[in-house]
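Thanks for making time this morning.

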Amino acid sequence: MIIGYQLVKIDAQRNDSILPQDPIQINYKVSTKNVGKDDNTKTLRFGFTYEVELKDSKDNKVGDILMEGSIIYTGNNIDDIYKTLSSGGKLDDDIQKEIVQGISNICILEAMQIAKQIQLPPLVK
């Protein structure tokens with residue numbers, strides 16, 4: 001279960017040198033970078049990067065948004081999950097989906113606000 005998050009970096013740009021041609025293609029990329037364990041709270045902290053890239057029909061870059069941060073996960077078998085990841089193993093598919101979905105849920109709302117502020121096309125149609 002996701003119980004918290006923290007954004008530590010937000011970067012956004014809009015390309016003013018072009019007049020975007022419809023349709024706008026929006027690409028999202030979520031990646032986890034590292035994991036840490038807090039024995040006191042029995043949680044895992046996953047570092048992440050969330051990227052949004054907007055391109056027009058001529059493959060011109062319209063803009064992009066980058067966010068970095070961490071998401072805090074708690075659940076059963078925290079010690080086993082951490083041990084598996086520390087030894088180069090992979091997360092269980094259900095846990096991986098929960099973490100990626102949690103990151104996406106948090107960041108899409110932030111990205112929509114940022115896109116509006118710098119006048120990028122809407123991220124959700």
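Predicted model: local features only at pLDDT ≥ 70, side-chain atom pairs only at ≥ 80, totals over all residues.

Let me begin with a question: is Met 112 buried, partly exposed or exposed? Met 112 counts as partly exposed, because its relative accessibility is 37%, where buried means under 20% relative accessible area, exposed over 50%, and partly exposed in between, with a 1.4 Å probe and protein chains only. Residues are numbered from 1 along each chain as its sequence is written, and side-chain values use heavy atoms, with hydrogens and water left out.

Met 112 lies in helix H2, which covers residues 93–117 and, with its 25 residues, reaches 36 Å from first C-alpha to last, close to the 36 Å expected at 1.5 Å a residue. That expected span is 1.5 Å times one less than the number of residues, and the helices (H or I, at least four residues) and strands (E, at least two) are DSSP runs numbered from the N terminus.

The buried residues of H2 include Ile 95, Ile 99, Gly 102, Ile 103 and Ser 104, and what covers the buried set includes strands E1 (2–14), E2 (25–38), E3 (43–55) and E4 (61–73), as well as helix H1 (78–86). Take Ser 104, which counts as buried because its relative accessibility is 18%; leaving aside neighbours within four places in sequence, Ser 104 is in contact (heavy atoms within 4.5 Å) with Val 30 and Tyr 50. Just after H2, Gln 119 takes a positive phi of about 60 degrees.

Turning to H1, its buried residues are Ile 78, Ile 81 and Leu 85. Seen down the axis of H1, they fall within an arc of 65 degrees, so they line one face of the helix, the arc being that of the directions from the helix axis to the C-beta atoms. These buried residues pack against E2, E3, E4 and H2, and H1 is followed by Gly 88, whose phi is positive, near 90 degrees.

Finally, in the loop between H1 and H2 we find Leu 91, which is buried at a relative accessible area of 13%. Not counting residues up to four places away in sequence, Leu 91 touches Phe 46, Ile 81, Leu 85, Gln 96 and Ile 99.
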